[in-house]
Amino acid sequence: RTSSHPKQHAATKMVMYRSDLRRSNRIVIKVGTATITNDDGTIALGRVGGIVEQICRLQQMGKEVILVSSGAVGVGKRRMQQQAILSATLRDHVNPTTTVDNTANLRSQAAAGQAGLMLLYEIMFRNFDVQCAQIL
């Protein structure tokens, strides 16, 4: 189904059915935070690995695949919490005055998480000899 917007190019048709994917040359895959992380905030390596493997198979079939991934804030928050715990003094552990969540804002969490996610994607895609890059 296509939009009624007059400037829409014919090549940007929205896929409505799985059968339409066979005819598509470019596939955009969006994975959310809940898909790439476990309930405790750790990265769901099995799910991410499965997604990477499927993307590589699509590329082997000649498809152009774009992965849009959420999760940077959640992953970064966990990484920064771990770093804050490791950096805290004994006094901080015995008598905490601030919570770890208050030590970082969303931007710094997103930055820390994005770096970690890109490293993970790069390592996983490298196992299939596929180059990946981040689009800003």
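This note goes through a predicted model of one protein chain, point by point.

1. **Confidence.** The average pLDDT of the chain is 81, and 79% of the residues score at least 70. Among the elements, helix H3 has the highest mean pLDDT, 96, whereas helix H5 (residues 90-94) has the lowest, 68. Over residues 1-8 the pLDDT is below 50, and this stretch has seven contacts in the model beyond near neighbours in sequence.

2. **Overall arrangement.** The chain contains six helices and two strands. Along the sequence they follow the pattern α-β-α-α-β-α-α-α. The chain has 136 residues, of which 21% count as buried. Among contacts with a separation of 6 or more, 68% join residues 24 or more positions apart.

3. **Ile 36.** This residue lies in helix H2. Is Ile 36 buried or exposed? Its relative accessible area is 1%; because buried means under 20%, Ile 36 is buried. Not counting residues up to four places away in sequence, Ile 36 touches Val 31, Thr 42, Ile 43, Ala 44, Val 48, Ser 69, Ser 70, Gly 71, Leu 117 and Tyr 121. Ile 36 and Gly 74 are 38 residues apart in sequence, and their C-alpha atoms are 10.0 Å apart in space.

4. **Thr 37.** The position of Thr 37 is in the loop between helix H2 (33-36) and helix H3 (45-60). With a relative accessible area of 9%, Thr 37 is buried. Which backbone oxygen does the side chain of Thr 37 reach? That of Thr 33, at 2.6 Å. Leaving aside neighbours within four places in sequence, the contacts of Thr 37 are Thr 42, Ile 43, Ala 44, Arg 47 and Val 75.

5. **Helices H4 and H6.** Two packed helices are described by the angle between their axes and the distance between the axes. For helix H4 (residues 72-87) and helix H6 (residues 106-126), the axes come within 6 Å and cross at roughly 95 degrees. H4 is therefore roughly perpendicular to H6. The residues making the contact include Ala 72, Val 73, Val 75 and Met 80 of H4, and Leu 106, Ala 110, Gly 113 and Leu 117 of H6. By type, the residues of the contact of H4 with H6 divide into nine nonpolar, six polar and two charged.

6. **Links between the points.** Two residues of the contact between H4 and H6 are also named above. Val 75 of H4 takes part in that contact and is in contact with Thr 37.

Note on methods:
Residues numbered from 1 in each chain as written. Predicted model: local features only at pLDDT ≥ 70, side-chain atom pairs only at ≥ 80, totals over all residues. Heavy atoms only, no water. Helix = DSSP H or I, 4+ residues; strand = E, 2+ residues; numbered from the N terminus. Buried < 20%, exposed > 50% of the residue type's maximum accessible area, 1.4 Å probe, protein only. Polar contact = N/O pair within 3.5 Å; in protein donor to acceptor, adjacent residues only side chain to side chain. Contact = heavy atoms within 4.5 Å. Axes fitted to C-alpha atoms, helices over the stretch in contact; angles between N-to-C directions. Parallel < 35°, antiparallel > 145°, perpendicular 65-115°, else oblique. Nonpolar A, V, L, I, M, F, W, Y, C, P; charged D, E, K, R; others polar. pLDDT = per-residue confidence, 0-100.
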